[in-house]
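Biologist: Hi! Could you walk me through this one?

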Amino acid sequence: MSISPFLNILVTMKQINKNIVLVLALVFASIYSYAAPLVLKGTIGKSTIYLEIEEEGPEYFGKYFYQKQLIDIPIQGKLINGVYKLNSYYEFSYGEEPLTETFTFSKKGTKYVGKWMKGSKQLPLSLSPVPVAELSPKKLQSNKQLSSLTLSGINLPKLNYFKLKGNDTLTMHEGVRIKRFTEITTGIEIMRIDSGLTKSKMDFVNAHLERMQIEFFFDMLDCSSYNGELADFGVNYSLGIINEDLFSMSFFNYYYCNGMPHPEEANYSYNLDLNSQKELKNTDYLSEYALASKDELTMFQKCLMNYFKKIVPELFDENTNEENSEMIGAECGYYMSELWEPSVNVCFTREGMQVIPYFSHMMAPCLEPEWAIIPYSELKGIIDEPYYSQLLKIKP
């Protein structure tokens, strides 16, 4: 009899512990569902849209886009008594701000139905969860280079609308046949290799080129968000070396997104090792000697600056630049060693290694100096084997 109360206490404690575990599980489940975004597809009248909202405290924030435009429009609002009421909010820095769009809808079974209003215009709204197949774009499975993309929510089905049209004109570059493809919505053009390399290497390069074009596709659409129109966004590229060992090209990206105080530019390069099938970093082909320091400069910097001083001495003399401030290029400060650090962008060309120093928008005319190409014969000890031997084989 004396044991029974003790057993009752143990049973009670076990039940309390079970209840605590159950409560915690419900709390965590509630937190999870609270944080999960709502990703929907449907129609405003006859126009197909994708919409994504997520709860943040007492309000909901998200975005939606029309299938024909693919440009995100931000929305925010609240859920009151089971009814979602969301408003668009464009951010315009110039021009006339468009009318606010209002979404009012509630869940009916598996669907969300209601209305969309803009000024005096009103259309029926019908939404459903985005089909699972659209959240797993085929391109993510067919091109492993796209694994670096961090897509979620309605950006996943947006990838399904990345569509290309080819230019019928084929061009030759160092024995390699090139075809150009333009993305239909954004107008961004990037080449593909049509023939001239072994299939495995050609497929490797083209997978990277597709990834580049898709990244620009999303960059342009992101840049266009908040004002509902395609942004002033351009991509130009120049081909360097294309052979069985290396693929090299340089890019110039110009963009002016809503809310930016001025346009911006990005000038950079892209290099692939086709034998090991990897994207090259500077440290992959620069020697230990090149990275070693002497007198606070790396041997890489010394090599480049000593050569450039010989071909454009007037731009590498700080005193001369100060005295001749009106000289073309004097304002760029090319004599500054930090422009030529081992991390600088380079493009391998038939004439030599093109060096592409970074400059801010205010110094845009200084970008990609045409004289900043150093012959491979000058890079002995700077570029490591086997890359140095490969580059020496290239004839100007």
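Predicted model: local features only at pLDDT ≥ 70, side-chain atom pairs only at ≥ 80, totals over all residues.

Biologist: Great. Which residues touch the most other members of the largest nonpolar core?

Modeller: Phe 308, Tyr 334, Trp 340, Met 353 and Leu 379 do, in a core of 38 residues. A nonpolar core here is a set of buried Ala, Val, Leu, Ile, Met, Phe, Trp, Tyr and Cys residues joined through side-chain atoms within 4.5 Å. Buried means under 20% relative accessible area, exposed over 50%, and partly exposed in between (1.4 Å probe, protein chains only).

Biologist: And which elements give two or more residues to this core?

Modeller: Helix H7 (299–311), strand S19 (345–348), strand S20 (353–356) and helix H9 (387–392). H7 gives the most, with six residues. Helices (H or I, at least four residues) and strands (E, at least two) are DSSP runs, numbered from the N terminus.

Biologist: Let's switch to the sheet. What is the strand order?

Modeller: The open sheet of three strands runs S19-S20-S21, with antiparallel pairing. Two strands pair if DSSP finds at least two bridges between them.

Biologist: How many bridges join S19 to S20?

Modeller: Four. In one of the bridge pairings, Phe 348 has Met 353 in S20 as its partner. The edge strands, pairing on one side only, are S19 and strand S21 (373–374).

Biologist: New topic: how many salt bridges does the structure hold?

Modeller: There are 13. A salt bridge means a side-chain nitrogen of Lys or Arg within 4 Å of a carboxyl oxygen of Asp or Glu. One of them joins Glu 174 and Arg 350, at 3.3 Å from N to O. That pair links distant parts of the chain, 176 residues apart, with Arg 350 in the loop between S19 and S20.

Biologist: Is Glu 174 buried, exposed or partly exposed?

Modeller: Glu 174 is partly exposed, with a relative accessible area of 31%. Arg 350 counts as partly exposed too, at 30%.

Biologist: Where do Arg 211 and Glu 215 lie?

Modeller: Both are in helix H4, four residues apart, about one turn of the helix. Arg 211 is buried at 10% relative accessible area, whereas Glu 215 is partly exposed at 29%.

Definitions and conventions. Residues numbered from 1 in each chain as written. Heavy atoms only, no water.
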